[in-house]
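Subject: Structure handover

Hello,

Please find the structure below, with its sequence. My notes on what was found in it follow.

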Amino acid sequence: MDRYAAAGDEAADRARQQERHYQLLSALQSLVKELPSSFQQRLSYTTLSDLALALLDGTVFEIVQGLLEIQHLTEKSLYNQRLRLQNEHRVLRQTLRQKHLEAQQSCRPHNLPVLQAAQQRELEAMEHRIREEQQAMDRKIVLELDRKVADQQSTLEKAGVAGFYVTTNPQAGSLILSPCRGEQWLMVLKTGCSQEQLEVKDFQQKLT
């Protein structure tokens, strides 16, 4: 009797797993429909089915949650760095304007054109330096985010999650299974939130 009971329990477990797999697969297929048709064609039924199988283990969701937390911390840190740089540039501009104004007020009229020409050169040199610093900061941000993306791809690939692999191909990175979007959609499957609700939550978290 015990043997038959155990067999019945195993059959019930398999049925529950199959039902959960079907639910996850259906959810993934619905999410894929939100993508452009060119991307939909690249996400085969087999890929989505394999991903749904991986999601049956709650470990994947824990991994995704950890990656999202790291991503949010990184984005917040980079945002604050850029904000500090912008504030520094604003102070530089204000200081230079005040300096130029004071110099013009104390300048003799016949020397004013020469002074203004020199001030214009000084202003252009400062703006050039500001642009270079902003561009350098933006390059730093892009490189840091690229590194995080590669880390996410590698982590999920090692975890055996279908559709995730290390790539620098921007087209491949635009698919549902690229790290940032893929992780958000995996969280949709776990939390039951719509994509719009999740994006609002994500945006709110970045502002806090």
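I start with one residue and widen the view from there. Glutamine 71 is found in helix α4. Is this glutamine 71 buried or exposed? Glutamine 71 counts as buried, because its relative accessibility is 9% and the cut-off for buried is under 20%. The side chain of glutamine 71 also has a partner: a polar contact of 2.8 Å joins it to the side chain of glutamine 152. Please keep in mind that this is a predicted model, so every value in this email is computed from predicted positions.

Overall fold

The chain has 8 helices and 0 strands. Read along the sequence, the pattern is therefore α-α-α-α-α-α-α-α. The chain has 208 residues, and 29% of them count as buried.

How α4 and α5 pack

Helix α4 covers residues 59-105, and helix α5 covers residues 112-158. At what angle do α4 and α5 pack? The angle is about 175°, and the two axes are 11 Å apart. An angle over 145 degrees counts as roughly antiparallel, and α4 and α5 are therefore roughly antiparallel to each other. Sorted by class, the residues in the contact of α4 with α5 are 18 nonpolar, 11 polar and 12 charged.

The nonpolar core

In soluble globular proteins, nonpolar side chains tend to be buried together. In this model, the largest nonpolar core has 19 residues. Which of its members touch the most other members? They are Leu28, Leu51, Leu55, Leu156 and Val161. Three helices, α1 (2-32), α3 (45-55) and α4 (59-105), each supply at least two residues of this core. The largest share, 5 residues, comes from α4.

Leucine 55 can be looked at in more detail. Leucine 55 is found in helix α3, and it is buried, because its relative accessible area is 2%. Leucine 24 is 31 residues away from leucine 55 along the chain, and here the C-alpha atoms are separated by 7.7 Å. Leucine 24 lies in helix α1. Leucine 24 counts as buried, because its relative accessibility is 2%.

Salt bridges

Side chains of opposite charge can pair when their charged atoms come close. How many salt bridges does the structure hold? There are 5, and I describe some of them here.

One of them is between the side chains of lysine 99 and glutamate 122, at 3.0 Å from N to O. This pair links distant parts of the chain, since lysine 99 is in helix α4 and glutamate 122 is in helix α5, 23 residues apart. Lysine 99 counts as partly exposed, because its relative accessibility is 46%. Glutamate 122 is also partly exposed, with a relative accessible area of 31%.

Another salt bridge joins the side chains of arginine 129 and glutamate 133, at 3.9 Å from N to O. Why are arginine 129 and glutamate 133 separated by about one helical turn? They are 4 residues apart in helix α5, which means a separation of about one helical turn. Arginine 129 is partly exposed at 39% relative accessibility, and glutamate 133 is partly exposed at 31%.

A further salt bridge joins the side chains of arginine 147 and glutamate 144, at 2.7 Å from N to O. Both residues lie in helix α5, 3 residues apart, which is about one turn of the helix. Arginine 147 counts as partly exposed, because its relative accessibility is 46%. Glutamate 144, at 22% relative accessibility, counts as partly exposed too; the cut-off for buried is under 20%.

Where to look in the viewer

- Glutamine 71 and glutamine 152, for the polar contact of 2.8 Å.
- Leucine 24 and leucine 55, for C-alpha atoms separated by 7.7 Å.
- Lysine 99 and glutamate 122, for a salt bridge that links helix α4 with helix α5.

Regards

Key: Residues are numbered from 1 along each chain as its sequence is written. This is a predicted model: local features need pLDDT of at least 70, side-chain atom pairs count only at pLDDT 80 or more; totals for chains, interfaces and linings use all residues. Side-chain values use heavy atoms; hydrogens and water are left out. A nonpolar core is a set of buried Ala, Val, Leu, Ile, Met, Phe, Trp, Tyr and Cys residues joined through side-chain atoms within 4.5 Å. Buried means under 20% relative accessible area, exposed over 50%, partly exposed in between (1.4 Å probe, protein chains only). A polar contact is a pair of N or O atoms within 3.5 Å; within protein, one must be able to donate a hydrogen and the other to accept it, and residues adjacent in sequence count only if both atoms are side-chain atoms. A salt bridge is a side-chain nitrogen of Lys or Arg within 4 Å of a carboxyl oxygen of Asp or Glu. Axes are lines fitted to C-alpha atoms, for helices over the stretch in contact, and angles run from 0 to 180 degrees between N-to-C directions. Angles under 35 degrees count as roughly parallel, over 145 as roughly antiparallel, 65 to 115 as roughly perpendicular and the rest as oblique. Ala, Val, Leu, Ile, Met, Phe, Trp, Tyr, Cys and Pro count as nonpolar, Asp, Glu, Lys and Arg as charged, and the others, Gly among them, as polar.
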